[in-house]
Every structure is written in structure tokens, then in C-alpha cells.
Amino acid sequence: PQWMEYLKDALSDKYDYVGIPREDDGEYSSIFYLKDKYTVTESGNFWLSETPEVMSKSWGAQYNRVCSYVILTDNATGKDFVVFNTHLSHVSDEARINGIKVVLDKIAEFLIEKETITGKEFMDIFHKVQGIEEEAAKGDLEALPEAVLVFIMPPSMEELERRLRGRGDTPEEQIRLRLDRARWELEQAQKYDFTVINNQVE
């Protein structure tokens, strides 16, 4: 927070920013931009957790982690571009992996809403990212040969879809993306030592 106050004061002549603290008086993941070069078209924030719309943390993270984003319009060219900025957990691999998935979900939702990309195109990108993640995880497992891998899965794809739709607040395109991602993840289940079927949602 002290650094944020310093940066706001030191850069205020030429720069403005978007972003909020991850918690009361906490760390920011702000985005600074040149005031005379760009205009903010849209901005927002969400948390890397199972409830991203509210200040929260999940998956063993020690602190809340916020992601801030902004659409900037170049005043000279009229072109728009979007920036996402976050800071992942420093203590939990699960929080880092799931946190990135939250960010990817938001980016997909954002780009599809703006008709910048199709669901299929985004899933192609996701699979490439997932492949990078798998290679990193493989290296971790080689260093921990005693690790036991547990895969948690829904009773069926039909039940997973029913649960997603039952929330009542998930856009249709986002549901399709999550189902596509789940099908890919289920194909990886045989790589795990144990499988747990999540029959009950609390």
C-alpha cells in the first residue's frame, strides 16, 4: 500500500490508474496508463477464488488475490486493447493453477462478449496453456515421486451441466466453455492415482 501511494503521487502528472486493493488497505494489482495517450473505455476487478465477484480467497491461498483489468482506447488511432494484471499466491500451487483458470475464464467471457474471439478459438488457446501447465507439473512430480494424485470429477457431464445451469448466473457461452474444458480435463483422469466422484454439492 505504501508503494501504491508513492506511485500515485510520483506519477500523477502524466499517469492515471485503475485497480483496487486485494483487501482493506492491501496490495494492488493496478494498471497505470498515460492520461494524454489513452482513454479508459471500461475497467473492473475480480478475485482469484471460487467466488471471484466478492473479496475472497480459496485453495489454500494465504491472502486474497485480485485481478484488475482495463480497456484502453488509443486517442491517436482509436484502437482498443485490454490489459489484465494480477499477482498469484506465493504459498499454494493449487491456488496458482486455479487462479490462472479464473483469469482465463474471465478473459474468455470478456473476449466472447466483445465478439473478439469464438469459444472454439479460446479453447485452442486454453489447451496450449494447459499443455505448458502439465509440463511444469510433470517436473514438480519428478521431484516428488512419493506424491499421490487425486482427481475429483462429477458423476457425469450431464450432472456437471445441470449444476452449472443451476447457479442461474452463468452466461451460456461461459457454460459451453467450462463444459469443453471439463471434457478435456476428464480425459486426463487416467494419469491420476485415485479418482473421487463428487456426488454431493454443499
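Trp59 counts as buried because its relative accessibility is 18% (buried means under 20% relative accessible area, exposed over 50% and partly exposed in between, with a 1.4 Å probe and protein chains only). This is a predicted model, where local features need pLDDT of at least 70, side-chain atom pairs count only at pLDDT 80 or more, and totals for chains, interfaces and linings use all residues. Residues are numbered from 1 along each chain as its sequence is written, and side-chain values use heavy atoms, with hydrogens and water left out.

Let's stay with Trp59 for a moment. You'll find Trp59 in the loop between β3 (38–47) and β4 (66–74); helices (H or I, at least four residues) and strands (E, at least two) are DSSP runs numbered from the N terminus. Most residues other than glycine have a negative phi. Trp59 isn't a glycine, yet its phi is positive, about 60°.

Who sits across from Trp59? Glu94, in helix α2 (residues 93–113), is 35 residues away from Trp59 in sequence but 5.8 Å away in space, C-alpha to C-alpha. Setting aside neighbours within four places in sequence, Glu94 is in contact (heavy atoms within 4.5 Å) with Trp59 and Gly99. Glu94 itself is partly exposed, at 46% relative accessibility.

Now for the rings. Rings of Phe, Tyr and Trp (its six-membered ring) pair if their centres lie within 6.5 Å; planes under 30 degrees apart count as stacked, over 60 as edge-to-face and the rest as tilted. That rule gives four aromatic pairs. One of them is Tyr69 with Phe84, stacked at 5.4 Å centre to centre with 25° between the planes. This pair links distant parts of the chain, as Tyr69 is in strand β4 and Phe84 is in strand β5 (residues 80–86), 15 residues apart. Tyr69 is buried at 15%, while Phe84 is partly exposed at 22%. Together with Phe46, Tyr69 and Phe84 form one aromatic cluster.

Some charged ends sit over rings too (NZ of Lys or CZ of Arg within 6 Å of the ring centre and within 35 degrees of the ring normal):

| Charged residue | Ring | Distance to ring centre |
|---|---|---|
| Arg22 | Tyr63 | 4.5 Å |
| Lys106 | Phe46 | 5.5 Å |
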